[in-house]
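Here is a short report on one protein chain. Look at the model first, then read on.

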Amino acid sequence: MANNLIYSEDPVPHIVIDDLFSEQELFYIKDELQTLYDFSKKSTCVDTYGNTVDSFIDKRKEIWINSFFPDQKDSKIISLFREKVSSENLLDIFNKNTLFSYVNHIFKLSGIVGFYEDGDFIKPHEDYNFFTMNLMLGYSVPENSELYLSNNTFKNPLSKDSIKIKKIDFKPGRLVVFPSKNLHWVDPIKCKSSKLEDLRITIQFWGARS
Ligand SMILES: [Fe+2]
């Protein structure tokens with residue numbers, strides 16, 4: 001595991017772990033992903049009048065995993081993810097950095113699975129919690145599917161010259177952990193088809209304070 005792990009502070013403290021899910025494991029969860037995709041819905045948000053409208057931030061299909069599996073143990077994806085993240089080796093690494101020391105609390109929140117089809121994206125945004133764990137899933141690498149991390153924030157915007165941006169390749173099985181309050185995004189992607197095999201698929205968990 002350690003060989004596949006990179007910790008970097010450029011442009012913000014973040015961890016990239018390759019092959020958290022092996023190719024074999026990605027095939028093991030494929031039927032579950034297909035079911036979740038079939039039940040997923042276009043992302044929405046609530047406007048100033050309280051109406052549910054298409055999301056202003058992103059275009060993708062998504063499903064809260066707990067809405068489908070109220071008991072997380074019934075989900076192969078969650079069980080596998082929990083097993084990997086709880087390995088002492090990994091917890092040790094997370095706990096060395098205060099930013100990620102709330103990793104034990106991630107399962108108090110539901111994860112969300114996002115399915116990006118052709119042209120889908122997520123604009124620069126912040127998440128509400130302390131850090132974001134983004135596990136890349138899927139069976140191919142669509143064009144333009146990289147995740148962008150920035151040192152900029154909405155709260156304390158930097159001058160143009162001091163903004164740094166890092167592009168992290170989308171790679172099925174790869175976990176990226178980064179601070180939620182730094183802007184991050186995905187540009188519109190290009191997919192060969194709308195089959196599960198050609199989508200950009202991710203599952204997000206957020207680190208909460210207890
Ligand atoms: Fe996010």
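## Overall fold

Residues 24 or more positions apart make up 79% of the contacts in the protein chain that have a separation of 6 or more. Two residues are in contact if their C-beta atoms, placed from the backbone, lie within 7 Å. The model is predicted: local features need pLDDT of at least 70, side-chain atom pairs count only at pLDDT 80 or more, and totals for chains, interfaces and linings use all residues. Residues are numbered from 1 along each chain, as its sequence is written.

The protein chain has five helices and 15 strands. Its radius of gyration is 17 Å, close to the 17 Å that the globule rule gives for 210 residues, so the chain is as compact as a globular protein of that length. That radius is taken over C-alpha atoms, and the rule is 2.2 Å times the number of residues to the power 0.38. Along its principal axes, the C-alpha trace spans about 45 × 45 × 35 Å. Of the 210 residues, 30% count as buried. A residue is buried if 20 or more other C-beta atoms lie within 10 Å of its own, exposed if 12 or fewer do, and partly exposed in between; the C-beta atoms are placed from the backbone. Helices (H or I, at least four residues) and strands (E, at least two) are DSSP runs, numbered from the N terminus.

Two strands pair if DSSP finds at least two bridges between them. Strands of a sheet pair through backbone hydrogen bonds, either parallel or antiparallel.

Take some pairs in turn. Strand E10 (residues 131-137) and strand E13 (residues 175-179) are antiparallel and share five bridges. Here Leu-135 has Leu-175 in E13 as its bridge partner. Strand E8 also has antiparallel partners: four bridges join it to strand E7 (residues 61-64), and five bridges join it to E15. Glu-62 is bridged to Gly-114 in E8. Val-113 is bridged to Ile-203 in E15. How many of the five residues of E8 are buried? Four of the five residues of E8 (residues 112-116) are, so this strand is largely enclosed by the rest of the structure.

## The five-stranded sheet

A further open sheet has five strands in the order E6-E9-E14-E11-E12, with antiparallel pairing. Its edge strands are E6 (58-59) and E12 (165-168), and each of them pairs on one side only. Inside this sheet, E11 and E14 are antiparallel and share two bridges. Tyr-148 has Trp-185 in E14 as its bridge partner.

## One side of a helix

Which residues of helix H4 (residues 76-85) are buried? They include Ile-77, Ile-78, Phe-81 and Val-85. These four residues cover an arc of only 90° around the axis, which puts them on the same side of H4. The arc is that of the directions from the helix axis to the C-beta atoms. An α-helix has 3.6 residues a turn, so residues three or four places apart point the same way.

## Loops to look at

Start with the loop between E1 and strand E2 (14-17), where Pro-11 is found. A cis peptide bond joins Asp-10 and Pro-11, with omega at about 5°. Next comes Asp-19, in the loop between E2 and helix H1 (23-28). Asp-19 is not a glycine, yet its phi is positive, at about 60°. Asp-19 is partly exposed, with 16 other C-beta atoms within 10 Å.

Asn-144 lies in the loop between E10 and strand E11 (147-150). Asn-144 also has a positive phi, about 70°, although it is not a glycine. With 15 C-beta neighbours inside 10 Å, Asn-144 counts as partly exposed.

Is Ile-189 buried or exposed? Ile-189 is buried, with 21 other C-beta atoms within 10 Å. Its place is the loop between strand E14 (184-186) and strand E15 (200-207). Not counting residues up to four places away in sequence, Ile-189 touches several residues, among them Tyr-116, Phe-121, Asn-144 and Arg-200. Pro-142 is another of these contacts. Ile-189 and Pro-142 are 47 residues apart in sequence, but 6.6 Å apart in space, C-alpha to C-alpha.
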